[in-house]
Amino acid sequence: MSFKIASSPHQRLQRSTAQIMRLVMLACIPGIMVQAILFGYGVIIQLILAITTALLSEAIVMLLRNKAVWPRLRDNSAMLTAVLLAIAIPPYAPWWLVIIGTAFAIIMVKQLYGGLGNNLFNPAMAGYVLLLISFPVQMTQWLPPASLQAIALSPTDAVCVIFNQFSCSGFSLQQLQSTADGITMATPLDTLRTDISRGMTLSESLQKPIFYAFAGSGWLWVNLAYLLGGLALIQLKVISWRIPAAILISLSVFSAIGSLAAPDTLASPLFHLFSGSTMLAAFFIATDPVSAATTNKGRLWYGALIGLTVYLIRTYGGYPDAYAFAVLIANMAVPLIDYYTRPRTYGHKQPRPKND
């Protein structure tokens with residue numbers, strides 16, 4: 001008999017890495033569909049650009065390393081990285097933005113460390129942070145949801161905007177960001193932050209049309225769709241429930257404390273849970289089997305750390321949605337978390353204290 005040692009991801013069920021990655025991508029479909037309906041066909045175009053870039057980048061690196069190309073492409077890990085990055089950036093961001101981010105994620109963050117199983121950081125989030133820091137204007141150009149858009153965009157318009165920054169009718173991206181009332185829209189998290197900094201109360205800010213019920217208009221349904229896909233992954237035992245549960249509970253607890261302490265300026269737990277990329281990050285990004293904590297107890301601490309970091313950055317930091325930074329910070333803490341939460345070896349006995 002031979003004993004085979006392999007890098008993560010590991011599962012007790014008889015599933016290959018390619019099957020795991022494929023199931024995760026399939027679970028993303030409800031969220032992607034809702035996102036495309038509410039925020040435009042640009043989501044689909046960004047997906048095509050990102051997947052193509054990821055596969056080409058992976059193939060080029062494999063050729064340079066004299067490795068077989070097809071087995072690496074067939075594990076679907078590069079494709080999943082591309083999907084997660086593409087749906088995290090604005091749908092009508094310039095075409096070169098997603099190409100730069102995806103190539104960086106695959107070449108620098110994944111392959112530079114030795115490929116799948118050896119990367120220290122989540123590749124998709126590292127690529128996202130690179131883009132956010134390097135191109136902050138392009139990374140914040142989100143259009144209003146379809147119900148608030150003054151100009152409806154066709155699939156052809158989506159192609160024109162992404163590759164030319166103008167629609168086929170000649171409207172600029174800045175004009176497309178305006179509603180029928182001529183108000184330029186930002187994301188709900190950014191709008192709330194700006195309003196609070198200008199002296200408005202929470203209730204006054206939530207009266208704006210960008211908000212719907214207790215969360216951002218459009219973002220509520222996007223989060224519900226990703227929640228549905230995430231629960232399916234837990235049911236299929238593709239991911240553990242511990243990381244998503246710890247993130248959502250941690251974010252809820254700290255936002256509840258903040259809301260009770262300052263109800264006029266700090267948002268409620270429901271707002272934090274269903275705005276921004278909360279459900280996408282909790283179920284699809286933070287659960288990356290390579291860069292996340294591996295012990296059961298460690299996964300709870302890992303998720304709790306992400307939830308706390310997200311709340312602190314959203315409330316006091318300089319970025320409205322903080323999941324990319326929170327995940328990367330938690331990735332750096334994984335060795336320490338795993339070290340102090342490793343399970344006791346079978347048969348190991350606790351040493352008895354010496355008698356005085």
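Is Asn66 buried or exposed? At 73% relative accessibility, Asn66 counts as exposed, where exposed means over 50% relative accessible area, buried under 20% and partly exposed in between (1.4 Å probe, protein chains only). The model is predicted: local features need pLDDT of at least 70, side-chain atom pairs count only at pLDDT 80 or more, and totals for chains, interfaces and linings use all residues. Residues are numbered from 1 along each chain as its sequence is written, and side-chain values use heavy atoms, with hydrogens and water left out.

**Overall fold**

- The chain comprises 16 helices and 2 strands, defined as DSSP runs (helices H or I, at least four residues; strands E, at least two) and numbered from the N terminus.
- The radius of gyration is 21 Å, close to the 21 Å that the globule rule gives for 356 residues, so the chain is as compact as a globular protein of that length; the radius is taken over C-alpha atoms, and the rule is 2.2 Å times the number of residues to the power 0.38.
- Along the principal axes, the C-alpha atoms fill a box of roughly 75 × 55 × 35 Å.
- Of the 356 residues, 51% are buried.
- Among contacts (heavy atoms within 4.5 Å) between residues at least 6 apart in sequence, 75% join residues at least 24 apart.

**Second largest pocket**

- This pocket has a volume of about 600 Å³.
- Of its 31 lining residues, the closest to the centre are Tyr128, Met139, Trp142, Thr187 and Asp321.
- Helix 6 (123–134), helix 9, helix 11 (219–235), helix 14 (278–285) and helix 16 (323–341) each give two or more residues to the lining, and helix 11 gives the most, with 4 residues.
- A pocket is an open set of points on a 1 Å grid over the protein atoms alone, where a 1.4 Å probe fits, with protein on both sides within 12 Å along at least five of seven lines; lining residues have an atom within 4 Å of a point.
- Grid points are joined across faces, edges and corners, and the volume is the space filled by probe spheres set on the points.

**Aromatic pairs**

- The structure holds 9 aromatic pairs, counted where ring centres of Phe, Tyr and Trp (its six-membered ring) lie within 6.5 Å; planes under 30 degrees apart are stacked, over 60 edge-to-face and the rest tilted.
- Trp96 and Phe135 form an edge-to-face pair, 5.1 Å centre to centre with 70 degrees between the planes.
- Trp96 lies in helix 5 (residues 95–110) and Phe135 in the loop between helix 6 and helix 7 (155–164), 39 residues apart.
- Trp96 is partly exposed at 27% relative accessible area, as is Phe135 at 23%.
- Phe211 and Phe271 form a tilted pair, 6.0 Å centre to centre with 50 degrees between the planes.
- Because Phe211 lies in strand 1 (residues 211–212) and Phe271 in helix 13 (residues 269–273), the pair ties together parts that are 60 residues apart in sequence.
- Phe211 is buried at 8%, and Phe271 is buried at 3%.
- Ring pairs also link Phe39, Trp142 and Trp219 into a cluster.

**Buried aspartate**

- Asp195 lies in helix 9 (residues 188–197) and is buried at 2% relative accessibility.
- Beyond residues up to four places away in sequence, Asp195 touches Met200, Ser205 and Lys208.

**Positive phi**

- Most residues other than glycine have a negative phi.
- Asn66, in the loop between helix 2 (42–64) and helix 3 (69–74), has a positive phi of about 60 degrees.
- Lys237, in the loop between helix 11 and helix 12 (242–261), has a positive phi near 60 degrees and is exposed at 56%.
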